[in-house]
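Dear colleague,

I am handing over the structure below for your review.

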Amino acid sequence: MVRKPASMYRQIKGQAYTRREYMGGVPASRVSQYEMGNLRQEFPVTLTLKVKNRVQIRHTSIEAGRIAANKVLTSQAGVANYHMTVRAFPHVVLRENKLATGAGADRVSSGMRQGFGKAVGTAARLERNQAILTVRVNPDKVAVAKDALWRASMKFPSPCYVDVEKGQEYVN
C-alpha cells in the first residue's frame with residue numbers, strides 16, 4: 001500500500017480531494033464497523049474522545065483505535081454493557097507520487113514533473129475538538145470506558161481528551 005510514513009499525511013494541506021466518481025482505483029477503507037456493542041439499549045453516560053488539534057487521520061489509524069477500544073470494552077465491560085460509535089468517516093482521498101529507486105531509476109522516474117500522484121488511501125479531516133469515538137455506558141462502567149478511549153487515543157496522530165457529555169453526577 002503506502003510506502004511513506006503516516007506523518008506525511010497528518011497535516012491538512014490544500015483542498016479536500018473527495019470526488020471518487022472522477023477517479024479510479026481508490027483503495028477501500030479499512031474501517032470495518034462504525035457501531036459496536038449493544039445497539040438497542042439506552043445508556044445514561046456518554047463519553048466522547050475528541051482531538052485537540054486540527055488533523056487528518058488515516059483510515060488505518062481509525063481502525064486501529066476502534067479495535068483497541070472495542071477489545072477493552074468487550075473484555076472488561078461485556079458486549080451487552082456498552083454502545084460504541086466511530087464518528088469520523090475517512091472520505092478524503094490521499095495521493096502519493098511514487099518515485100522509482102535503485103539502479104536505472106533516473107531513466108524511469110520523472111521526479112516532480114506532472115507529479116499529481118496515485119490514490120493510496122483515505123483519511124478523515126477533523127477540526128479542533130471534533131469527536132472521533134463515542135462510548136455510551138452505565139455508571140458503573142465509566143472507568144472502563146475512559147481506559148478504552150485512552151488506549152484508542154494512542155493510535156491517533158493528535159493529542160486527545162475524553163469529554164463526559166451526560167451524566168456528570170455519575171463520574172468518579
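**The three-strand sheet**

Three strands make up an open sheet in the order β3-β6-β5, and their pairing is antiparallel. Strands here are DSSP runs (E, at least two residues), as helices are (H or I, at least four residues), and both are numbered from the N terminus. Two strands are taken to pair if DSSP finds at least two bridges between them. The edge strands of this sheet are β3 (55–58) and β5, each of which pairs on one side only. Direction ignored, neighbouring strands of the sheet are turned by 50° against each other on average. Axes are lines fitted to C-alpha atoms, for helices over the stretch in contact, and angles run from 0 to 180 degrees between N-to-C directions.

Before going further, please note the basis of the description. This is a predicted model, in which local features need pLDDT of at least 70 and side-chain atom pairs count only at pLDDT 80 or more, while totals for chains, interfaces and linings use all residues. Residues are numbered from 1 along each chain as its sequence is written, and side-chain values use heavy atoms, with hydrogens and water left out.

Strand β5 is joined to strand β6 (residues 118–126) by five bridges, and the two run antiparallel. Within this pairing, Val92 has Ala123 in β6 as its bridge partner. Helix α1 lies across β3 and β6, running at about 75° to β3.

**The five-strand sheet**

A further open sheet consists of five strands in the order β1-β4-β7-β2-β8, again with antiparallel pairing. Strands β1 (35–37) and β8 (160–166) stand at its edges with a single partner strand each, so one side of each is left without a neighbour in the sheet. From one strand to the next, the twist averages 20°.

Strand β4 (residues 82–86) is joined by five bridges to strand β7 (residues 131–137), and these strands run antiparallel. Tyr82 has Val137 in β7 as its bridge partner, and Val86 has Leu133 in β7. Strand β7 is also joined to β2, by six antiparallel bridges; there, Val45 stands opposite Val137. Six of the seven residues of β7 are buried (under 20% relative accessible area, where over 50% is exposed and the range in between partly exposed, with a 1.4 Å probe and protein chains only). The strand is therefore largely enclosed by the rest of the structure.

Helix α1 (residues 59–76) touches β1, β4 and β7, where contact means heavy atoms within 4.5 Å. The direction of α1 makes about 175° with that of β4. Helix α3 (residues 142–153) touches β2 (45–51), β7 and β8, and its direction makes about 15° with that of β2.

**The largest pocket**

The largest pocket holds about 480 Å³ of space. On a 1 Å grid over the protein atoms alone, a pocket is an open set of points where a 1.4 Å probe fits, with protein on both sides within 12 Å along at least five of seven lines; lining residues have an atom within 4 Å of a point. Grid points are joined across faces, edges and corners, and the volume is the space filled by probe spheres set on the points.

Of the 21 lining residues, Met8, Tyr9, Leu94, Arg95 and Glu96 are the closest to the centre of the pocket. Strand β5 (residues 92–96) gives the most to the lining, with five residues. By type, the lining divides into 10 nonpolar, six polar and five charged residues. Ala, Val, Leu, Ile, Met, Phe, Trp, Tyr, Cys and Pro count as nonpolar, Asp, Glu, Lys and Arg as charged, and the others, Gly among them, as polar.

**Individual residues**

Glu63 lies in helix α1 and counts as buried, at 11% relative accessibility. Not counting residues up to four places away in sequence, Glu63 touches Arg30, Val31 and Ser32.

Arg20 is found in the segment before β1 and is partly exposed, with a relative accessible area of 35%. Its contacts, leaving aside neighbours within four places in sequence, are Val26, Pro27, Pro90, His91, Val93 and Thr122. The C-alpha atoms of Arg20 and His91 are separated by 9.1 Å, although these residues are 71 residues apart along the chain.

Asn129, in the loop between β6 and β7, has a positive phi of about 65° although it is not a glycine. Asn129 is partly exposed, with a relative accessible area of 44%.

With kind regards
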